[in-house]
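Subject: structure handover

Hi,

Here is the structure I promised to pass on.

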Amino acid sequence: MIKLGVLCSGRGSDLQSIIDAITAGKLNAEIAIVLTDKPNVMALERAQRANIKNLCIDRKRFESKSEFETALLNELKTAEVDLVVLAGFMRILSPSFVHEYKERIMNIHPSLLPSFPGAHAHRDVLAYGVKVSGCTVHFVDEGTDSGPIIMQAAVEVKDDDTEETLAARVLEQEHIIYPRVLQLYVEGRLKIVGRKVLIQNE
Ligand code: GRF
């Protein structure tokens, strides 16, 4: 069974969609550990409720990013994680971390990449005035939101959207495509060819 290590920073609704997909038998994987970089966040509660090992590695308690990342890596290795799943984890991982889990880290971003990378996608989408937005699941490389794209889903941007209403519409799609992508990974059907990710048939 593939072991996932899910990294979160806050609410954890993407984490919840993964937990629910496993419970529903749609995702044949195990969440070995949930790690957060902040204490007292809802993601930890969700993990507890689902009886999943969880731990806060509080970024504030570490002097440097590299010490923080070493602590994260230690937990992931101890839990024998196969795939690192970034689910609302609001930190950029350093190249050395990415190297440790080369082609074994995924992220979900709330825009149609390569448009609107970074921490304020919905705000940037609304400011720019695009008519379509969405979400992207991608492998993580050394850049920010720049790795090979695995799956995207589009949503309409409405004239009266606020960041909150747009985020809610995008989240619905996030909760569908992230578990789906993870199951494709579990089935060994994702093949990275340069910048492209091919989804292979069984
Ligand atoms: C999601 O919109 C995700 O795309 C982004 O951060 C948000 C996390 O939400 N990276 P949640 O914490 O999973 O509810």
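Predicted model: local features only at pLDDT ≥ 70, side-chain atom pairs only at ≥ 80, totals over all residues.

Below are my notes on the ligand site, followed by a few backbone details.

First, the ground rules. Residues are numbered from 1 along each chain as its sequence is written, and side-chain values use heavy atoms, with hydrogens and water left out.

**Ligand site**

The ligand takes up the space of the largest pocket. A pocket here is an open set of points on a 1 Å grid over the protein atoms alone, with protein on both sides within 12 Å along at least five of seven lines.

Around the ligand (a heavy atom within 4 Å) you'll find Arg11, Gly12, Ser13, Asp14, Gly88, Ile108, His109, Pro110, Leu171 and Glu174. That shell splits into three nonpolar, four polar and three charged residues, with Gly counted as polar.

Now the polar contacts (N or O pairs within 3.5 Å):

- Arg11 puts a polar side-chain atom 2.6 Å from a ligand oxygen.
- Gly12 has a polar backbone atom 2.8 Å from an oxygen of the ligand.
- Ile108 uses a backbone N or O atom, 3.1 Å from a ligand nitrogen.

The protein covers 87% of the 360 Å² of accessible area that the ligand has on its own (Shrake-Rupley, 1.4 Å probe). Two or more shell residues each come from α1 (13-23), β5 (105-109) and α6 (163-186); helices are DSSP runs of H or I with at least four residues, strands are E runs of at least two, both numbered from the N terminus.

**Backbone details**

α6 has 24 residues and spans 33 Å from first to last C-alpha, close to the expected 34 Å (1.5 Å times one less than the number of residues). After α6 comes Gly188, with a positive phi near 70°.

Pro114 sits in the loop between β5 and α5 (121-128), and the Leu113 to Pro114 peptide bond is cis, omega near 10°.

Asn40, in the loop between β2 (29-36) and α2 (42-49), has a positive phi of about 55° despite not being a glycine.

Cheers

Technical notes:
Polar contact = N/O pair within 3.5 Å; in protein donor to acceptor, adjacent residues only side chain to side chain. 1 Å grid on protein atoms, 1.4 Å probe; cavity = no way out; pocket = protein on both sides within 12 Å on 5 of 7 lines; lining within 4 Å. Sits in = over half its atoms within 2 Å of the grid points.
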